[in-house]
Structure formats: C-alpha cells, structure tokens
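Please look over the sequence and the model shown below, and then read the short report that follows.

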Amino acid sequence: MSSENGARPTTEHFDVLIAGAGISGIGGAYHLTKQCPGRRFVALEAQDGFGGTWRTHRFPGIRSDSDLHTFGYRFKPWSGAPIATAEKILAYMGEVIEENGLARHIRYRHRIVSASWSGEHKRWTIEADRGDSGERARFTAKFLWMCQGYYRHAEGYTPQWPGMAAFCGRIVHPQTWPEDLDVSGKRVVVIGSGATAATLVPALAGKCAQLTMLQRSPTFYITGRNAIELAETLRELKVPEEWVHEIVRRKILKDQAVFTQRARHEPEKVKQELLAGVRKYLGEDFDLDKHFTPRYRPWRQRIAFIPDGDLFCAIRDGKASVVTDEIDCFTESGIRLKSGAALEADVIVTATGFKLNVLGDIAFAIDGKPLRFGESVTYHGAMFTGVPNMAWVFGYFRASWTLRTDLIADFVCRLLKHMDTRGAGVVVPALRPEDRGMPLSPWVDVENFNPGYVMRGVDLLPRQGDRMPWRHTQDYWSDKDDLPAADLEDGALVYG
Ligand SMILES: Cc1cc2nc3c(=O)[nH]c(=O)nc-3n(C[C@H](O)[C@H](O)[C@H](O)COP(=O)(O)OP(=O)(O)OC[C@H]3O[C@@H](n4cnc5c(N)ncnc54)[C@H](O)[C@@H]3O)c2cc1C
C-alpha cells in the first residue's frame with residue numbers, strides 16, 4: 001500500500017486480523033464487535049465480496065445440504081425453508097453485515113500471501129496482494145484469526161483420467177462453472193454422487209438432451225420435505241422468530257445426536273431406513289442395491305439431504321439416469337467404462353471435490369522459520385503448538401460448520417480478554433511434560449471420516465493427541481461443553 005504521496009509502503013496495525021469473509025470470518029467479526037467491543041480489527045478477503053463458499057460456487061441449483069437453523073448463526077434467526085440456495089445464504093450474511101455495521105471492517109480484493117510472526121515484537125506481519133491496484137498491502141496484528149476455509153477457491157479437484165485431452169466436448173468443474181455454458185440439447189455426464197452432484201442433477205434435469213450421473217460407488221442420502229414441521233407450528237402460534245430459531249436449533253441438534261448414535265450402534269437399521277427413503281421414490285423394481293447401497297456404514301461420509309427427493313424424482317421421471325461403474329478412459333466422444341460400456345457426452349462435469357488448502361496458501365513463518373503446520377499438534381482443533389496468537393475455524397463435516405464458528409468465536413474472545421487480564425501479549429499452545437510422548441494421530445479420525453479431499457491432504461494438517469486439550473473431535477456435542485469449559489490456565493497454553 002502506498003502512502004498519500006505514493007512513495008512509501010505504510011503498515012496498518014490492528015488488534016485482530018481475520019483472514020476471509022465467508023460464514024466463519026463474518027461470524028468472527030460479529031462476535032468481536034459484541035464480545036470484545038473497542039478492539040481494532042480488520043477482515044481481509046481475497047474475493048470482491050463476502051460469502052466464501054456461497055460466492056465461489058455458482059453452479060445450477062447451488063444450495064446448502066444442511067439446515068439453515070444450524071448453518072445460520074445462533075444470533076440471527078433463519079426464517080426461510082431449511083435447505084437454502086446460495087443466493088438466500090448470501091442475503092442472510094449481507095443482513096448480518098448490514099445490521100451490525102461490519103462492512104467498514106472488511107477489505108475485499110486483499111489476498112493474504114504471507115504471515116510472519118515476530119517473537120520480539122509480539123505480532124504478526126501480514127502481506128496481502130490487492131486485486132484492485134495490484135499493490136501489496138502490509139498489516140501488523142496482535143492476533144490472527146484464520147477463517148479461510150479448507151479448500152482452494154480458485155479451482156476444484158479434477159482427477160486425471162487417460163484420454164482427457166482427446167475429448168472433443170467441454171470438461172467443467174462445478175466450482176468454476178462457466179457463465180456461458182448452455183446445456184440445452186447436450187448430453188451431459190456428471191461424475192460423482194456427493195452433495196454437489198446430487199444438487200446439480202435435479203437442477204439440470206429436463207434442461208439437456210440426456211443426463212447421466214456417473215458414480216464409482218454409491219452414496220447415502222436422506223430424503224425429506226424441505227420444511228420443518230415444528231417451525232411451521234411455532235410460526236402458526238405466532239411465536240417470535242428468535243424463539244423459533246432457538247427451539248428449532250435445539251430440536252435439530254437433538255435429532256442429529258440421536259441419529260449419530262443410532263448410526264454407530266445400529267448401522268444396519270439406519271441403513272435400511274435411509275434406503276427405504278430412496279425406494280419410496282424409485283419403486284421396488286429399481287436396482288437400489290447396485291446404485292444406492294453404499295459399502296460403508298452410514299455417517300462414515302457426510303450424508304447429503306435431498307429435499308423432496310428431487311434427485312430421485314429426476315431419475316424416476318426419466319430425466320436423468322445413474323450409472324455405477326469405473327472410468328477406464330475418456331474418448332473423443334465421451335467416457336469408456338471399465339465394464340466396457342461407453343457414455344457419449346458433449347459436456348462432462350467433474351463433481352469430484354476440492355483441493356484442500358491448508359491455511360489459505362499463505363506462506364507462514366515463525367521468527368523467520370517457515371511453519372511446518374503438519375508437525376504441530378492441535379489444541380481443541382482451534383490453536384496449534386508452536387504457533388503463537390493464532391486460531392483457525394475448521395467447522396464440522398457431520399453437523400453444520402457454523403456451529404463451530406460460534407463456539408470458536410466465544411473461545412477466541414474469552415482468550416483475548418484473558419490475555420488482557422493477565423497482561424500477556426503472547427499465547428501459544430505447548431505440550432506439557434505429561435503430554436510429551438502421547439500417541440499422535442491424524443487431524444481427523446480417518447477410520448470414521450475419510451472424504452477424498454481430506455485423505456489427499458491429511459499429512460499437511462496438524463495432528464491431534466489422545467487426550468484433551470489436544471483432541472480434535474469433530475463432534476459438536478462434546479465441543480459445546482469442552483470449549484467453553486477449556487481451562488486457560490491448565491499449562492497447555494503458555495503466555496508471555
Ligand atoms: C457447494 C458446497 C456446499 C456446502 N454446503 C454445506 C452445508 O450445507 N452445511 C455445512 O455445514 N457445510 C457446507 N459446506 C462446507 C462449507 O464450505 C462450510 O460450511 C462453510 O461455508 C465454510 O465457511 P468458511 O467461512 O469457513 O470458509 P469459506 O466459505 O471457504 O470462505 C473462506 C473465505 O476466505 C477467503 N480466503 C481464503 N484464503 C484467503 C487468503 N489467502 N487471503 C484472503 N482471503 C482468503 C476465501 O476467498 C473465502 O471467501 C459446503 C461446501 C460447498 C463447497
């Protein structure tokens with residue numbers, strides 16, 4: 001950044017610097033203004049607007065796959081249908097910014113490229129490339145709040161199959177959906193059957209000449225009405241929206257806790273229930289075994305909610321079909337499968353997931369040494385050994401991400417106030433003598449949760465220990481008690 005005479009770079013100083021203005025960054029900004037008023041902070045966002053995931057993804061039909069009562073913040077009622085479009089989620093976030101005067105704290109088109117900690121000065125120096133002027137801006141901050149998400153926004157993950165270059169049609173990743181793509185009259189193959197594919201297929205159904213969902217293996221889905229009966233009843237009773245939001249959140253969370261327990265203790269029964277939900281749409285004659293009966297037990301991977309069974313209606317009505325097979329290679333005219341069958345296509349959509357990017361592709365250094373994040377051990381999944389004055393919001397996969405955004409915000413604000421009370425300028429997690437030598441395991445329990453993008457990058461992620469506070473449970477129901485109760489003076493956090 002240049003000073004007024006345009007000659008010298010200037011450095012702006014803040015108490016807290018938030019990286020990213022997605023649902024986590026906006027949540028962090030809100031909580032800072034409420035819980036730590038008076039603290040100077042800025043949120044730097046690479047894109048030209050807020051929203052993160054919900055701004056980046058523009059493919060047809062883009063919607064949440066969890067309910068907005070829990071994906072919404074705890075402090076702002078959600079009054080629409082539980083499964084919401086990206087547009088509605090962005091509007092909701094826009095209201096949070098507007099109602100709380102957060103816009104003045106956010107700098108768009110600021111891509112953070114480096115973050116360097118100086119133990120001597122007890123602060124971070126953050127450099128960001130400005131998308132508007134092309135200049136580099138410099139900031140210093142006492143505390144860094146990483147809300148940069150977990151995947152690279154610029155491009156999705158596309159596996160490399162033989163023959164891709166020979167394919168004469170168009171290969172598209174949903175994360176970078178081309179504005180000019182017109183599928184009418186085209187034969188479209190969507191590779192994948194996760195939440196993205198399950199959203200795209202009903203949105204494209206009826207709009208193209210032929211539509212095929214090609215999956216290597218089946219996925220579990222939950223079907224249901226895109227409405228919550230309890231919310232409807234409460235609204236009929238003219239209960240205020242704040243109450244509706246809180247009551248419905250509690251109900252959903254309770255139901256999810258029961259479901260998770262059941263998936264663990266009676267997986268076969270849960271599996272049959274989920275399959276019955278699909279069979280209701282596809283009928284007895286459909287080969288459910290081949291196409292919709294996964295090999296893993298329920299909850300091992302995120303289960304996408306299919307509102308009003310729209311994916312299955314598209315298949316039932318002949319507007320889409322599902323093929324379960326493996327890709328042998330791409331050909332000039334489509335895909336050859338390992339079974340020997342061929343799928344002719346004009347457009348191939350690779351709904352094959354994300355490129356995990358740990359810490360927003362930012363070059364981190366601690367006192368001049370590059371940070372090797374994969375070598376650190378996490379403190380409650382929020383802070384990291386050897387990394388001072390920094391917290392990361394990494395939300396839930398099985399519950400709504402934002403539940404953790406709120407919990408971590410409470411924790412960070414409590415920690416900042418505690419540091420003030422103590423007169424500390426530095427806080428860094430460090431293994432206590434009794435923790436040294438404890439068994440370490442990957443960031444997530446790969447036996448229980450193993451989506452491709454996590455498995456591809458698990459070595460880049462910090463490790464966890466076998467006891468609190470070094471565990472990263474990915475479990476909202478334990479975090480909601482553990483995080484608020486975390487003892488900031490138990491020796492695991494070292495102050496300076
Ligand atoms: C299609 C799709 C649907 C999903 N649906 C759900 C759902 O229904 N429920 C659920 O719980 N989860 C869902 N998720 C997961 C979802 O990503 C998270 O729930 C949540 O939106 C993540 O919010 P975030 O703010 O932490 O990160 P993001 O949304 O990824 O936002 C991070 C922001 O940080 C910015 N940023 C990153 N690096 C830098 C940098 N170096 N400098 C400056 N800015 C940077 C990015 O530009 C981005 O705006 C979905 C994900 C996808 C892709």
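How are H6 and H7 oriented to each other, roughly parallel or roughly antiparallel?

## Basis of the model

This is a predicted model, in which local features need pLDDT of at least 70 and side-chain atom pairs count only at pLDDT 80 or more, while totals for chains, interfaces and linings use all residues. Residues are numbered from 1 along each chain as its sequence is written.

## Helices H6 and H7

The axes of helix H6 (residues 229–236) and helix H7 (residues 241–265) come within 10 Å and cross at roughly 155°, where helices are DSSP runs of H or I with at least four residues, strands are runs of E with at least two, and both are numbered from the N terminus. Axes are lines fitted to C-alpha atoms, for helices over the stretch in contact, and angles run from 0 to 180 degrees between N-to-C directions. H6 and H7 are therefore roughly antiparallel to each other, a label for angles over 145 degrees.

## Surroundings of Gly72

Gly72 lies in the loop between helix H3 (68–71) and helix H4 (86–99). Because 25 C-beta neighbours are found inside 10 Å, Gly72 counts as buried (20 or more other C-beta atoms within 10 Å of its own, with C-beta atoms placed from the backbone). The C-alpha atoms of Gly72 and Glu241 are separated by 13 Å, although these residues are 169 apart along the chain.

## The three-stranded sheet

An open sheet of three strands has the order S13-S14-S15 with antiparallel pairing (two strands pair if DSSP finds at least two bridges between them). Strand S13 (327–331) and strand S15 (342–344) stand at the edges, each with a single partner strand, so one side of each is left without a neighbour in the sheet. S13 is joined by four bridges to strand S14 (residues 334–337), and Phe330 has Ile335 as its bridge partner in S14.

Note on methods: Buried ≥ 20, exposed ≤ 12 C-beta atoms within 10 Å, placed from the backbone. Parallel < 35°, antiparallel > 145°, perpendicular 65-115°, else oblique.
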